[in-house]
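Open your viewer and get ready to select residues one group at a time.

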Amino acid sequence: MIANGGSLSGAIPIGNKIITGIMMPAGWDNAALTFQVSVDGGASWSNLFDSSGNEVSFQAAASRFIAVDPTLWIGINHIKIRSGTAAAVVNQTAERSLRLVGQ
């Protein structure tokens, strides 16, 4: 969940699950999704980048299901979901609950 007026969710424990999709809520202020991740149980956080050095970003929209590459999440124990990018966050104008789909 991203709080009203906020851009970053709280820590979401995913343990040994692998995320395969993200279900967007019916309401969403236009913004990409990016992530902070933790491999050590949440003590330290890093922005998620791919092997080419690009921030992992998904184009999000209301009521959209976003299929994601499951290999992005291998070894990650906790995530935080960000509205916008690390350089340009987008505060949501209402509380937003996103649903992670995984196996």
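Which residues touch the most other members of the largest nonpolar core? Select L33, F35, W73 and I79: of the 21 residues in that core, these four touch the most other members. A nonpolar core here is a set of buried Ala, Val, Leu, Ile, Met, Phe, Trp, Tyr and Cys residues joined through side-chain atoms within 4.5 Å. Buried means under 20% relative accessible area, exposed means over 50%, and partly exposed lies in between (1.4 Å probe, protein chains only).

Before going on, two notes on what you are viewing. This is a predicted model, in which local features need pLDDT of at least 70 and side-chain atom pairs count only at pLDDT 80 or more, while totals for chains, interfaces and linings use all residues. Residues are numbered from 1 along each chain as its sequence is written, and side-chain values use heavy atoms, with hydrogens and water left out.

**Stop 1: the core and its rings**

Strands β2 (19-23), β3 and β7 are the elements that give two or more residues to the core, and β3 supplies the largest share, 3 residues. Strands (E, at least two residues) and helices (H or I, at least four) are DSSP runs, numbered from the N terminus. As a general point, nonpolar side chains in soluble globular proteins tend to be buried together.

Now show the aromatic side chains. Searching the whole structure gives 2 aromatic pairs. Rings of Phe, Tyr and Trp (its six-membered ring) pair if their centres lie within 6.5 Å; planes under 30 degrees apart are stacked, over 60 edge-to-face, and the rest tilted.

Begin with F35 and F58, an edge-to-face pair at 5.8 Å centre to centre with 70° between the planes. F35 lies in strand β3 (residues 32-38) and F58 in strand β5 (residues 58-59), so this pair ties together parts that are 23 residues apart in sequence. Both F35 and F58 are buried.

Why does F35 count as buried? Its relative accessibility is 0%, and W73 is buried with a relative accessible area of 0% as well. Display F35, F58 and W73 together and you have a cluster linked by ring pairs.

**Stop 2: a charge over a ring**

Next, select K80 and W45. K80 lies over the face of W45, 4.5 Å from the ring centre. The rule asks for NZ of Lys or CZ of Arg within 6 Å of the ring centre and within 35 degrees of the ring normal.

**Stop 3: the salt bridges**

How many salt bridges are there by the rule used here? The count comes to 2, a salt bridge being a side-chain nitrogen of Lys or Arg within 4 Å of a carboxyl oxygen of Asp or Glu.

Select R96 and D29, whose side chains meet in a salt bridge at 3.2 Å, N to O. R96 sits in the loop between β7 and β8 (99-102) and D29 in the loop between β2 and β3, so the pair ties together parts 67 residues apart in sequence. R96 is buried, with a relative accessible area of 11%.

Then move to E55 and R82, a salt bridge with its closest N and O atoms 3.2 Å apart. E55 lies in the loop between β4 (46-47) and β5, and R82 in strand β7, so the pair ties together parts 27 residues apart in sequence. E55 is partly exposed at 21% relative accessible area, whereas R82 is buried at 5%.

**Stop 4: loops**

A94 is in the loop between β7 and β8.

Select S63, in the loop between β5 and β6. The phi of S63 is near 60°, a positive value in a residue other than glycine. Most residues other than glycine have a negative phi.

**Stop 5: the surface**

Finally, select F65 in strand β6 (residues 65-67). F65 counts as partly exposed at 43% relative accessibility.
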